[in-house]
Amino acid sequence: MSAADDRDRAVATLRRIAFLLERAQASSYRPAAYRAAARTVERQEPDRLHALAAAGALTDLPHVGARTAGVVASALAGEPVPVLDDLEREAAAADAAAPDDEASVLLGALRGDMHAHTEASDGATPVQEMVLAALELGHDWLAITDHSPRLTVAHGLSAERLRAQMSQVAALRRAVAPFDVLTGIECDVLEDGSLDQDPDLLDELDVVVASVHSKLRMDRASMTRRMLAAVRDPRTDVLGHCTGRRLTGRERPPSEFDAEAVFAACAEHGVAVEINSRPDRLDPPHALLEVAVAAGCEFAIDSDAHAPGQLAWLRAGCERAVAHGIGPDRVVTARSAQEVRARGRRAAVGR
């Protein structure tokens, strides 16, 4: 193998370690360190990289510490990488321990994910890395749904930045075909229920996830009016993490709203209710999922991934779905990219 091949193997090893750490719900700083090292190593001339490794000076590189330097040195030499081997064994053991049940069947039926973030807003990696991870997981498609501008804490996308991303996604789609990449946004639902982006621009997207991120302690009546307005907007495809609750870290109680009214509106207007698979969300709670099922809603089982390894978190959503008798026929993410695009309500209003 050439020196360039050795460098590429080192970069792939660092990224694989980061992916497995994210999948295992490790603290975000650990995979971030491996990804930062991967970006640095990727930019190096192969011969210089080998020279640094031979001199024991890989830590002279930016963002390469003692641990990541050890990984790079082993990968360059074609030697086993113990940390990677341990993580692969842990992942294999977790997969083997997963029961062969209805959740597994539903997970196998999923074809895509309608909620994923990139470094354009508050994700960890460029869109290309998210797409490659989705490919490796066996998905057929992935929707890129970075945040909208009002959510400044997440570096939400202005109309100009979103248009630039749409062009980037179009070029990437051609490069990875037949895998499909859908344009999208997680659009903040403003206090009056309007969507936080230019309506004409939303009309051009494949997927619009509408989520409440602010004023989560609104009184029940006001929150209900707000959510109903968003659901009735013909540009909304998915109602994202409907209660906004947080189960870990800085815990947050669920918002209060009239679930029967909101989910009835979702069913009437063809808006899928998201089953958010993030371990810190698992939203909606089981009691509200039951209401949504009774209302006749469709569902989108999503990862809400902010890093590549988090795309592998969908099993939790599948387990919650089957607990309420939700099968693939009611799950939008079990459909093809073409069906997801055709399902968009904007098509009915002249998109």
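Select His63 to begin: it is found in the loop between α3 and α4, where helices (H or I, at least four residues) and strands (E, at least two) are DSSP runs numbered from the N terminus. Phi of His63 is near 70°, a positive value in a residue other than glycine. At 55% relative accessibility, His63 counts as exposed; the term exposed means over 50% relative accessible area, buried under 20%, and partly exposed in between, with a 1.4 Å probe and protein chains only. The model is predicted, so local features need pLDDT of at least 70 and side-chain atom pairs count only at pLDDT 80 or more, while totals for chains, interfaces and linings use all residues. Residues are numbered from 1 along each chain as its sequence is written, and side-chain values use heavy atoms, with hydrogens and water left out.

**Helix α3**

Next, select residues 46-54, which form helix α3; its buried residues are Pro46, Leu49 and Leu52. Seen down the axis of α3, these fall within an arc of 125°, so they line one face of the helix; the arc is that of the directions from the helix axis to the C-beta atoms. An α-helix has 3.6 residues a turn, so residues three or four places apart point the same way. Asp47 and Ala54 are exposed on the face of α3 turned away from its buried side. Display α1 (3-23), α2 (29-42) and α4 (66-76) as well, since what covers the buried residues of α3 includes these helices; contact here means heavy atoms within 4.5 Å. Following α3 is Gly56, whose phi is positive, near 65°.

**The loop between β5 and α12**

Move to Asp280, placed in the loop between β5 (272-276) and α12 (286-295). Is Asp280 buried or exposed? Asp280 is buried, with a relative accessible area of 12%. Its side chain and that of Arg246 are joined by a polar contact of 2.4 Å. A polar contact is a pair of N or O atoms within 3.5 Å; within protein, one must be able to donate a hydrogen and the other to accept it, and residues adjacent in sequence count only if both atoms are side-chain atoms. Leaving aside neighbours within four places in sequence, Asp280 is in contact with Arg245, Arg246, Leu247 and Thr248.

Leu282 lies in this loop between β5 and α12. Its phi is near 40°, a positive value in a residue other than glycine, and at 19% relative accessibility Leu282 counts as buried. Pro284 also has its place in the loop between β5 and α12; the peptide bond from Asp283 to Pro284 is cis, with omega near 5°.

Select Ala177 and Pro178, which are joined by a cis peptide bond with omega about 15°. Pro178 is in the loop between α8 (159-176) and β2 (180-188).

**The nonpolar cores**

Now colour Leu239, Phe257, Phe263, Phe299 and Ile301, which touch the most other members of the 48-residue largest nonpolar core. Such a core is a set of buried Ala, Val, Leu, Ile, Met, Phe, Trp, Tyr and Cys residues joined through side-chain atoms within 4.5 Å. Apart from it lies another core, of 42 residues, among them Ala38, Val71, Leu87 and Val169.

**The whole chain**

Finally, zoom out: the protein has 14 helices and six strands. Of its 351 residues, 54% count as buried.
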